[in-house]
Amino acid sequence: MKESEVLLEVKNLKTHFNTINGVVPSVEDVSFYINKGEKVAIVGESGSGKSVTSLSIMRLLSETGKIIDGSIHFCGRNLIELSEKDMRKIRGNEIAMVFQEPLSSLNPVMTVGKQIMESILLHQKTRKQNAKQQVIDLLNKVGIPRPEKVFSSYPHLLSGGMRQRVMIAMALSCQPKLIIADEPTTALDVTIQAQILSILKELSEQEEVAILLITHDLGVVAEVADRVIVMYAGQVVEQAEIFSIFDYPKHPYTKALLNSTPKLDFSQTELLSIEGTVPSPMEIPTGCRFYDRCDFSSEICKQSPELKEITDGHQVRCWLVEEAIDNRI
Amino acid sequence: MTYIIKKLFQIIPVLFIISFVVFIFVNVSGDPVVLMLPEDASNEEIKAMQESLGLDKPVIVQYGLFLSNVMKGQFGQSFVYKQEALPIVLERLPATFELMIAAIIISILISIPLGVLSAIKRNTFIDLFISGTSVLGKAMPNFWLGLMLMLVFSVYLQILPVSSRGSLLHLVLPAITTGTAMAAELTRMLRSQMLDVLHQDYMRTARSKGLSHFSVVYKHGLRNSLLPVITLIALNISTLVGGALVTEVVFAWPGIGQLVISAVHARDMAVVQACIFVIAIFVIGANFLADILYRVVDPRIKYR
Ligand SMILES: Nc1ncnc2c1ncn2[C@@H]1O[C@H](COP(=O)(O)OP(=O)(O)OP(=O)(O)O)[C@@H](O)[C@H]1O
Ligand code: SF4
Ligand SMILES: [Mg+2]
C-alpha cells in the first residue's frame, strides 16, 4: 500500500462518555485506514462502538462524549487538533455522512431541495439558481423520478427509499472525498436495500469517493466493500481484504459472525447465532474481550491480545493466531 | 381553501353560543330597561323602551329579536354617548389591536433568544436565572407591573410618557406590561421544546453538513420548536385580552378595555354588550389565524 494513497488514518482512537453511572469506554484503541476511493466496511454487533467511531471522525459526539486519545489523520491533517471552525469546513464538504433513519434525519419542516441546497450554498461560492440546478442534477443522479417535484417536497411525503436517496444526494452534493454511511439500509425494506446499496456503490465509483460503510450485516458487506474491519466491544479484532475475511477468517468472533449470516445460496438450513452478548462497556473483561463467548479460549486469553499483522494487510487480535505464527517460526 | 371555508362555518355555532350567553347575561343582570335608561327616566319612557325592545313578548321571541338586532349590528343606544353602541366600540378597536400586536411582538422578541439560550445552556446558572425570571414574570400582576414601570421610566427617569396613546413611545410601557406574562410563558415553552428538538436526528444531520452551531439551532431547531409556540399564543389570546383591559386602565389607553370598564361603571349595557361581542369575535379571529399559521409552519399537517 503506497503511503500517498491513504485518505483517512485512525490511530489508537479512544472515545469515552461521561455518564451519571460513570465513564463508558465505548471505543478503546481503534486503528484503521481508508485509501482514496476505497470502500471499507466496519462490521460488528450492536454496541461494539461502530457509530461512536464514525461520530468521532466527524467530531459530532454528544456533549458527554470525548475523544481521550489517538489521532485521526485526514488528507494529512489531524482532525482531532483542528479548530471547530476548520472542522466545519470539512464536514459536509470533504467528509459527508448518511445516517440510518432517513425520516428522522431529515428536517421535517424544510423542503428536500432546500436541505440539499444548504450544503452547496455553505461550501461553494455559487448563486442560488446554480445551486438549485445542481440539486436537481443530483436528485436525478440518485435515481429520483421527477426531481423538480421532489425538490419542493417535504420529507414526509417521500417513501423510505426515496428519503435515503435524498440523503445520498445530500452527501454527494459537495463532491466529498469520503462518505460515512452508518447503517444506511437497516431501516429499509429488503428490496429497497439492494437498490440503495447499488446506488451508493455505483456513485462512489463514478465520483471516486471513498466509503466507510457501517453495518452489522455481512451480506451488505459482501455487496459493497473492498476491505472489512471487524469490531468487537470497542476494539478492532480483525481487518482484511474482503476475500480474506470471507474465505480465511482468523478471529473466532469473525468466524462466528460468518456462521450466523445466512449463505447467499441457501445451503445453510439453520441460522446459527453467536451465544451470549457483547459485554457492556462498563464490565469488559480484562483480557481478551471475546473471552466469555469464545470456543477456543485458554489460560493466556486472560491477558489482552494485540492487533497483529499475520499476512500482508490482514490483522487479527487473538492469541490463537499469534501462537500459530510463533509455532511456524 | 376548502379547509378555510370549513373552519369559517364552524365559527357560526360558536357565535350563537356567545350571543346566547350575552343575552342571558343581560337578562339576569336586572331589568334591561332600567339598566339602559338613565336613573331619572319617567314611567312613560320606560314603557316605550319596553315596547321598542319587545320586552312585553315571551323570552324566546325576545331572543329572536335580540339575534336579528345583533346581526344587523344593533346593540341599542348608549345613553352615555347618545348614539348606537357598536360604532363607539369599533372606534376603540384599533387602539386595543395596536396594543395587543405590540405585546405579542415584544413577547416573541424577548422569549425566542431567552428560551433558546436557556435550552442550550441547560442547568447552568444562565438557565436557572432565565427560568427564575420567567416564573416571576408570569406571577407579576399586570396592574402592579404597569405602575412600577410607569414609576421608574416615566416618573423617575422621565424617558417615556406616562400615559395615553400617541407616539410609538407611548406604546412601549403598555406593550411591555401586557406582553410580559406571555413572554414568560413562551420562554418556558420554547425552552422545553428546544430541549427536545436539540436531540433530534436532523439536528445532527445539519451539523454533519458543516453548519455552525448558531445556524443549526436557529435555522433547523427553532422552526421545529415554533409549532407549540403558535398554539400557545393562540390559546393565550383571551388571557392577553384580559391583560390588555387592565393595562388600558392603568395607562389610560383609549381601547376597548377602558371603554368596557367605564361602561360597566356607568351601567351603559348597550356598550357593554357590544364590547363583549367584539372581543369575542376578536378572540375567535385570532384562533382562526393561529390555525392557519400552524399549517404554514408545519407542512405535515394537511388541509382536511
Ligand atoms: N451518548 C452516549 N452516552 C453514553 N454511552 C454511549 C453514548 N453513545 C454510545 N454509547 C455507548 O457506546 C457503546 C457503543 O455504541 P455505538 O452506538 O457505537 O454502537 P454501534 O456499534 O453503533 O451499535 P449499533 O449497531 O446498535 O448501532 C454502546 O455500549 C453505547 O451504550
Ligand atoms: S484471544 Fe483467546 S479468547 Fe480471545 S478470541 Fe482468541 S482464542 Fe478466543
Ligand atoms: Mg450504530
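How many bridges join strand 4 of chain A to strand 5 of chain A? Two bridges do, and the strands run antiparallel.

1. First, the ground rules. This is a predicted model, where local features need pLDDT of at least 70 and side-chain atom pairs count only at pLDDT 80 or more, while totals for chains, interfaces and linings use all residues. Residues are numbered from 1 along each chain as its sequence is written, chains are lettered from A and ligands numbered from 1 in the order in which they are written, and side-chain values use heavy atoms, leaving out hydrogens and water.

2. Let's stay with that opening pair for a moment. Helices (H or I, at least four residues) and strands (E, at least two) are DSSP runs numbered from the N terminus, and two strands pair if DSSP finds at least two bridges between them. Phe74(A) stands opposite Arg77(A) in strand 5 of chain A. The hairpin of strands 4 and 5 of chain A has two residues between the strands, and Cys75(A) there takes a positive phi near 50°.

3. These strands belong to an open sheet of four strands in chain A, with the order 2-1-4-5 and antiparallel pairing. Its edge strands, each pairing on one side only, are strand 2 (22-35) and strand 5 (77-78) of chain A. Strand 1 of chain A is joined to strand 4 (residues 65-74) of chain A by eight bridges, again antiparallel. Look for Lys14(A), which stands opposite Asp69(A) in strand 4 of chain A. Helix 1 of chain A packs on this sheet, touching strands 1, 2 and 4 of chain A (contact means heavy atoms within 4.5 Å), and its direction makes about 110° with that of strand 1 of chain A. For such angles, axes are lines fitted to C-alpha atoms, for helices over the stretch in contact, and values run from 0 to 180 degrees between N-to-C directions.

4. Now for ligand 1, which is surrounded by 15 residues (a heavy atom within 4 Å), the closest being Ser26(A), Ser46(A), Gly47(A), Ser51(A) and Val52(A). By class, this shell has three nonpolar, nine polar and three charged residues; Ala, Val, Leu, Ile, Met, Phe, Trp, Tyr, Cys and Pro count as nonpolar, Asp, Glu, Lys and Arg as charged, and the others, Gly among them, as polar. Helix 1 (50-58) and strand 1 (6-19) of chain A each supply at least two shell residues, with helix 1 of chain A giving the largest share, three.

5. What about polar contacts, meaning N or O atom pairs within 3.5 Å? An oxygen atom of ligand 1 lies 2.4 Å from a side-chain N or O atom of Ser46(A). For Ser26(A), a polar side-chain atom is 2.6 Å from an oxygen atom of the ligand, and a polar backbone atom of Ser48(A) is 3.2 Å from a ligand oxygen atom. The protein covers 69% of the 630 Å² of accessible area that ligand 1 has on its own (Shrake-Rupley method, 1.4 Å probe).

6. Finally, chain A has an open sheet of eight strands in the order 6-7-8-3-9-10-12-11, with mixed pairing. Its edge strands are strand 6 (95-98) and strand 11 (308-311) of chain A. Strand 3 (residues 39-43) and strand 8 (residues 210-215) of chain A run parallel, joined by five bridges.

Methods. A polar contact is a pair of N or O atoms within 3.5 Å; within protein, one must be able to donate a hydrogen and the other to accept it, and residues adjacent in sequence count only if both atoms are side-chain atoms.
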